[in-house]
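Dear colleague,

Please find below the sequence and the structure that I am handing over to you. My notes on what was found follow directly after.

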Amino acid sequence: MPATISESFIHGQRLMLIFLVALCIVVACVLSTETTMPTQNMSNKERAELREEARDMFYHAYNAYMQNAYPADELMPLSCKGRYRGVTPSRGDMDDILGNFSMTLVDTLDTLVLLGDFTEFEHAVKLVIRDVQFDSDIIVSVFETNIRMVGGLLSAHILAEYLQKHADTMHWYKGELLELSRELGYRLLPAFNTSTGIPHARVNLRLGMKDPMLKKSRETCTACAGTILLEFAALSRLTGDPIFEVRAHAAMDALWKLRHRGSDLMGTVLNVHSGDWVRRDSGVGAGIDSYYEYLFKSYVLLGDDKYLARFNRHYNAVMKYVSEGPMLLDVLMHRPHAKSKNFMDSLLAFWPGLQVLSGDLKPAVQTHEMLYQVMQMHTFIPEAFTVDFQIHWGQHPLRPEFIESTYFLYRATGDHHYLQVGKKALKTLQKYAKVSCGYAAVNDVRTGKHEDRMDSFVLSETIKYLFLLFSDPQDLIINVDEFVFTTEAHLLPLSIAQLGNATFSFRQTDEHNVLDFMRTCPSSNKLFPEKVRKPLRNFITGSCPRTTAGKRLSALDFQASNADHLRAVYDMGITMVSVGDRSQGKAKSHEEGEMGLQFMQEMLELTKMQSINQLAQLQAVAYATDEKPQDWIALMAGPSHFGPELTGDQFVQGELILAKPLRACDETLENAEEAKGKVLVAERGDCTFVSKARLAQKVGAAALIVCDNVPGSSGETQPMFAMSGDGKDDVLIPVVFMYSMEFGKLSAVMQRRKQPLRVRVMQMVEFKRWQLAKEQRLNQTASVAQKPEKEL
């Protein structure tokens with residue numbers, strides 16, 4: 001068959017799928033109007049005002065970057081200066097996104113076109129052509145460089161040529177951005193020289209994989225290796241150089257072969273040479289998220305059926321094993337009925353948007369509603385939250401995924417609820433993240449403390465999706481329905497498929513059967529979206545008022561700050577009183593009275609269980625008092641998910657010493673020799689808990705205490721948590737966490753004493769037993785000493 005006929009056939013199949021998905025959505029919306037109409041409709045005037053506010057947000061951040069940071073990669077909004085690799089203090093692995101190639105400007109170019117600012121776009125393109133270069137002895141992330149830089153350059157090139165044809169401007173442009181993207185692509189290619197074809201996670205822009213720092217490079221994440229194809233395929237088809245697309249297809253094929261054949265699930269970290277899985281956790285969040293996205297979007301953009309089949313196989317597995325109602329909980333790929341984590345990370349917020357694109361709207365509405373309630377509870381969606389929706393990691397770097405899903409849900413349903421959600425997100429950013437020099441990431445959503453960080457995705461994705469949400473499609477300079485959004489929200493046109501790649505064959509393989517290609521429209525009967533959201537309105541206890549009708553209020557659900565809960569317990573004959581108040585409640589009925597007795601019994605049992613569980617998990621940092629060296633005081637500390645667990649009468653004892661530098665995120669410590677055999681103290685921040693633990697172990701410390709970096713935090717007022725690791729079991733020293741108030745007491749004793757302070761790290765329950773045993777021995781000694789002598 002001639003290539004042109006094959007391409008036309010494939011393109012026709014792809015358009016047919018898009019038409020069927022669109023038909024599913026339209027039918028669903030039409031049927032939904034027969035049952036429940038959207039509430040709280042937003043006026044055109046308010047929507048236009050929010051669109052302009054999003055535009056103002058963009059320029060507030062963009063101008064701050066251009067005036068204070070360019071040509072740096074990022075803006076540091078609190079310092080109001082640029083972040084340069086090798087100049088600004090290192091943040092460890094986080095800095096692998098930086099290449100000293102003006103990342104924020106490149107990442108933002110296509111947003112300027114969507115805003116209709118052709119003058120600034122032209123100016124920015126000229127700056128990039130003049131200033132951006134890649135011949136630097138710098139190690140960068142292949143994944144981040146591809147999605148932000150290669151994708152940004154390609155999208156800007158495509159839109160520059162579009163403006164030449166449709167806006168009669170930029171006639172001087174001769175494809176310089178495409179040449180830059182080709183050069184950068186070639187500098188990334190050495191990472192693909194592995195025995196599996198799966199690329200290394202990092203590469204040196206000048207030296208490739210010959211950098212001595214990369215000799216031990218072995219591991220990468222599934223998303224890192226599986227989020228290349230859209231950009232590399234576009235690069236090949238625009239330049240006529242097939243090597244990029246060939247390598248990206250080979251990486252995707254290699255990943256597919258590594259799935260667990262029984263569950264069809266993927267792990268999150270693997271060895272690029274052997275193909276062995278290093279971490280077998282499987283979910284839809286960090287480490288794997290955009291792999292699923294690129295499977296589906298590769299089918300949409302390129303028309304290759306195998307990617308649709310693969311996506312459907314994975315999707316069915318995720319919905320079978322990972323999905324728990326609106327929640328998505330990681331499992332083990334080889335034991336899919338076993339949960340591997342008790343928390344969810346914020347990156348999974350992209351999933352509802354992908355479900356919308358694939359036509360599965362009901363679960364998209366449900367998961368989005370759950371995430372919206374998490375946002376309402378904590379102001380922002382924290383970087384990770386537990387299955388009971390408490391904060392696991394408190395950071396919020398102004399991520400776009402939730403707003404992205406909100407945008408796609410609005411486009412699919414037309415439900416103004418999603419405009420209201422977008423308004424809430426926009427106003428929250430304005431109130432809590434806006435600073436005089438851009439927008440600052442939130443270091444901890446509990447305190448609202450800012451971090452000196454504004455990632456490039458704030459401009460390229462977060463604000464872009466807000467602007468699109470409040471814009472009418474017909475008001476945009478381009479028809480976004482003719483483009484695919486990459487994972488970094490860069491625009492690649494569907495017409496790329498028609499360019500073809502002469503070296504790549506679309507022959508159907510035998511690895512998929514017809515069932516892999518079959519997907520039906522979701523049932524729209526009694527669906528849309530209000531009917532789906534309504535049962536979930538109180539899914540997260542305390543985020544919205546609960547009602548007691550039809551369900552007895554349990555002690556586990558009770559919250560004293562909830563008016564409905566107080567009313568319910570009052571009806572049971574229970575009155576919440578302050579000290580000194582002698583008023584009594586009276587049950588409204590015999591049945592309510594019985595419910596009240598049952599409630600109080602549950603409350604007593606719950607209190608006992610919570611006390612036992614908390615005490616069992618708590619760690620102690622104990623020291624002898626100044627007055628009586630035989631008397632010890634214990635301060636509360638939290639455990640870790642890595643390192644040995646001190647159980648029974650086990651403990652570690654040693655002199656206390658502060659790390660230099662205190663954050664302990666460098667290659668070594670200035671006082672490494674002094675730290676040997678001692679209990680090291682490091683402050684939270686700049687790098688992961690487990691990174692600090694490995695450094696402490698490296699210098700020979702006996703144990704590590706990580707103290708909080710949030711002033712005034714205390715275990716008395718905040719829930720104690722267990723520090724998370726990264727899945728590797730290589731930490732052999734005990735590690736505990738102390739809030740600021742508790743460590744402040746320890747620090748005061750250190751400063752007061754002339755001699756080094758010796759501490760003992762152990763379980764709190766064991767400290768209590770130890771103290772109790774000492775008291776009993778003292779009492780026995782005292783009673784023996786007081787006995788009168790026997791009469792002769």
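The notes begin with an open sheet of three strands, ordered β5-β6-β7 and paired in antiparallel fashion. Strands here, like helices, are DSSP runs numbered from the N terminus (H or I of at least four residues for helices, E of at least two for strands), and two strands pair if DSSP finds at least two bridges between them. At the edges stand β5 (219–221) and β7 (277–279), each of which pairs on one side only. From one strand to the next, the twist averages 35°. Strand β6 (residues 269–271) is joined to β7 by two bridges, and the two run antiparallel. Within this pair, Val 269 stands opposite Arg 279 of β7.

Please note that this is a predicted model, in which local features need pLDDT of at least 70 and side-chain atom pairs count only at pLDDT 80 or more, while totals for chains, interfaces and linings use all residues. Residues are numbered from 1 along each chain as its sequence is written, and side-chain values use heavy atoms, with hydrogens and water left out.

A further antiparallel pair consists of strand β18 (residues 441–444) and strand β19 (residues 449–451), joined by three bridges. Ala 441 has Glu 451 of β19 as its bridge partner. The two strands form a hairpin with four residues between them, and Gly 448 in the turn has a positive phi of about 80°.

Two helix pairs deserve a description. The axes of helix α2 (residues 44–68) and helix α3 (residues 103–114) come within 12 Å and cross at roughly 145°; axes are lines fitted to C-alpha atoms, for helices over the stretch in contact, and angles run from 0 to 180 degrees between N-to-C directions. On the α2 side, the contact (heavy atoms within 4.5 Å) is made by Phe 58, Tyr 59, Tyr 62, Tyr 65 and Met 66, and on the α3 side by Thr 104, Leu 105, Thr 108, Thr 111 and Leu 112. By class, this contact has seven nonpolar, three polar and no charged residues, where Ala, Val, Leu, Ile, Met, Phe, Trp, Tyr, Cys and Pro count as nonpolar, Asp, Glu, Lys and Arg as charged, and the others, Gly among them, as polar.

Helix α4 (residues 118–131) packs against helix α5 (residues 142–166) at an angle of about 130°, with the axes 12 Å apart. The contact brings Phe 118, Phe 121 and Val 128 of α4 to Leu 153, Ala 156, Ala 160 and Leu 163 of α5. By class, seven nonpolar, no polar and no charged residues take part in the contact of α4 with α5.

Finally, some backbone details. Most residues other than glycine have a negative phi, and most peptide bonds are trans. A cis peptide bond joins Tyr 70 and Pro 71, with omega about 10°; Pro 71 lies in the loop between α2 and β1 (74–76). The bond from Lys 660 to Pro 661 is also cis, with omega near 0°. Pro 661 is placed in the loop between β24 (652–658) and α21 (672–675), and Ala 664 lies in the loop between β24 and α21 as well. Phi of Ala 664 is positive, near 55°. At 3% relative accessibility, Ala 664 counts as buried (under 20% relative accessible area, with exposed over 50% and partly exposed in between, for a 1.4 Å probe and protein chains only). Ala 489, in the loop between β20 (483–485) and β21 (491–493), has a positive phi near 65°. Ala 489 also counts as buried, because its relative accessibility is 0%.

With kind regards
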